[in-house]
Amino acid sequence: MYVKRILAACAVAVLGTGAHAACNYDNQIPVSMSAAAFQAWKSAAAAMEECGNFSAELNQEFQEKQAAGFAADPSLYAIGGVANSSLVPLQDAGLIRPLDDLVAEFGQQLAPSQLIEIDGQVMAIAMMVNAQHLMYREDILNDLGIAVPETYEDVLAAAEMIKAAGVVDYPLGGSWKTTWLEFVNMYLGYGGSFFKEGFQPNVNNADGVAALEMMKALSAYMDPEYLVADSTYTQQQFQKGKIAMANFWASRAGAVNNPAESEVAGKIKFASAPAPVSGKIPAATLWWDGIVIAKNISDDAAEAAFRVAMEGIDAEMAAANPDDAIWIIAGFTPGEVASGAAATAANGARPYPASSHMGLMQKAIANNIAAYLNGEKDTMTTLADMEADYIVSAKEAGILQ
């Protein structure tokens, strides 16, 4: 599975609740949707409902219900609300339809950033994202005369100056409990591709070496317990003034500056996730939510569903609900807490490449990377072991012969 790069045309922001303008499409065909029950989907569903003949089933068991519902003929749902990972089983089972023709006729307003491609076809439309972006203590960088880092080479130089100044416990932080994700981010940032033709593994190369070595260099400026640091731990390090910088989740941006819980509220700013080196894309992946259209419905029903969906995830809906999520919708202007995620996406960060084979690669990375960072394995052994573990799992899964 190959997922389309997010391009500079994208705009991202953080949302809330509010009234939405009347639907510009008079829907005459019953359209149903299955999606998660969080507020962003409630707001989108409310906007779709204004088009008429629409019903939404929103709950946290949506993935199981979607798979069974889409497998029916005709499908029980016309629209599915999905994310990077929940798209995979629907795609693998052949239960969703390509959207290129509908995008061409009814989706001219969509930004390239919203078009999620699989094997050259648009299979989903993204409406919101979460991404890691650079959070930094503006006061510390200003006091030390440090420019906002744009690359990880800049981050390392800044970390050395911050360490020498002794103004925080650790110059860097990060939610590195999911260290496999940090490797994925860095490897993609260097321009790496995880697979060769036929889903053969492809990490034992110069990009893999560079990604590991950069991670090792960064870890030297972190809390020694960085391998157990999750998002809450990193958030609290920021709030207690223990770290100065982190490539950290945009969904935590509001909390780190919340005066009710943060000792450094108002001092943390946001920027694009750094690229590994100059000329490369940000070392971050975008985790998106968006819509798919069922395969087992008529073409007329698919057209109606797509047009209703476009009304539900347009700029008017996002503007009316500016606090519900981090929207990635053409024509919507991001607020401050989403500015770093917006810059990350605009600078070319890719969606996380979710697929069945990537899931196996993810496990192979997770099984080996801690040993490298702890000094138990060298670089080449680590990369070779990642590929070997993936091959075993892929053969067991029938992906490789």
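First, the ground rules. This is a predicted model, in which local features need pLDDT of at least 70, side-chain atom pairs count only at pLDDT 80 or more, and totals for chains, interfaces and linings use all residues. Residues are numbered from 1 along each chain as its sequence is written, and side-chain values use heavy atoms, with hydrogens and water left out.

Let me begin with strand 10, residues 285-293. Helices (H or I, at least four residues) and strands (E, at least two) are DSSP runs, numbered from the N terminus. I will also say "buried", meaning under 20% relative accessible area; exposed is over 50%, and partly exposed is in between, with a 1.4 Å probe and protein chains only.

Which strands pair with strand 10? Strand 4, strand 6 and strand 12 are among them. Two strands pair if DSSP finds at least two bridges between them. Strand 4 runs antiparallel to strand 10, with 5 bridges. Look at Ala 83: its bridge partner in strand 10 is Asp 289. Strand 6 is antiparallel to strand 10 as well, over 6 bridges. There, Ile 125 has Ile 291 as its partner in strand 10. Strand 12, residues 350-351, runs parallel to strand 10, with 2 bridges. Leu 286 has its bridge partner, Pro 351, in strand 12.

Now helix 2, residues 62-71. Its buried residues are Phe 62, Gln 66, Gly 69 and Phe 70. They cover an arc of only 90° around the axis, which puts them on the same side of helix 2. That arc is taken from the directions from the helix axis to the C-beta atoms. Exposed Glu 64 and Ala 68 sit on the face of helix 2 turned away from the buried side. What does the buried side pack against? Strand 2 (31-35), strand 4, helix 3 (84-92) and strand 10. Contact here means heavy atoms within 4.5 Å.

Next, the cores. A nonpolar core is a set of buried Ala, Val, Leu, Ile, Met, Phe, Trp, Tyr and Cys residues joined through side-chain atoms within 4.5 Å. The largest has 70 residues. Among the members that touch the most others are Met 48, Ile 125, Ile 291 and Ile 313. Strand 6 gives the most to this core, with 9 residues. Take Ile 313. Leaving aside neighbours within four places in sequence, Ile 313 is in contact with Ala 44, Met 48, Ile 125, Met 127, Ile 291 and Ile 329. There is also a second, separate core, of 67 residues, which includes Phe 194, Ala 246, Val 277 and Met 361.

On to the aromatics. Rings of Phe, Tyr and Trp (its six-membered ring) pair if their centres lie within 6.5 Å; planes under 30 degrees apart count as stacked, over 60 as edge-to-face and the rest as tilted. By this rule there are 8 aromatic pairs. Trp 176 and Tyr 226 are edge-to-face, 5.6 Å centre to centre, with 80° between the planes. Trp 176 is in the loop between strand 7 (170-173) and helix 7, and Tyr 226 in the loop between helix 8 and helix 9 (231-239), so this pair ties together parts 50 residues apart in sequence. Trp 176 is buried at 4% relative accessibility. Tyr 226 is buried too, at 9%.

Phe 195 and Tyr 390 make a tilted pair: 5.5 Å centre to centre, 55° between the planes. Phe 195 lies in the loop between helix 7 and helix 8 and Tyr 390 in helix 15, so their pair links parts 195 residues apart in sequence. Both Phe 195 and Tyr 390 are buried. Trp 180, Trp 287 and Tyr 352 form one aromatic cluster.

Last, the backbone. The peptide bond from Asp 73 to Pro 74 is cis, with omega near 5°. Pro 74 is in the loop between helix 2 and strand 4. Asp 119 is not a glycine, yet has a positive phi of about 50°. Asp 119 is exposed, at 54% relative accessibility. Phe 199 also has a positive phi, about 65°. At 32%, Phe 199 is partly exposed.
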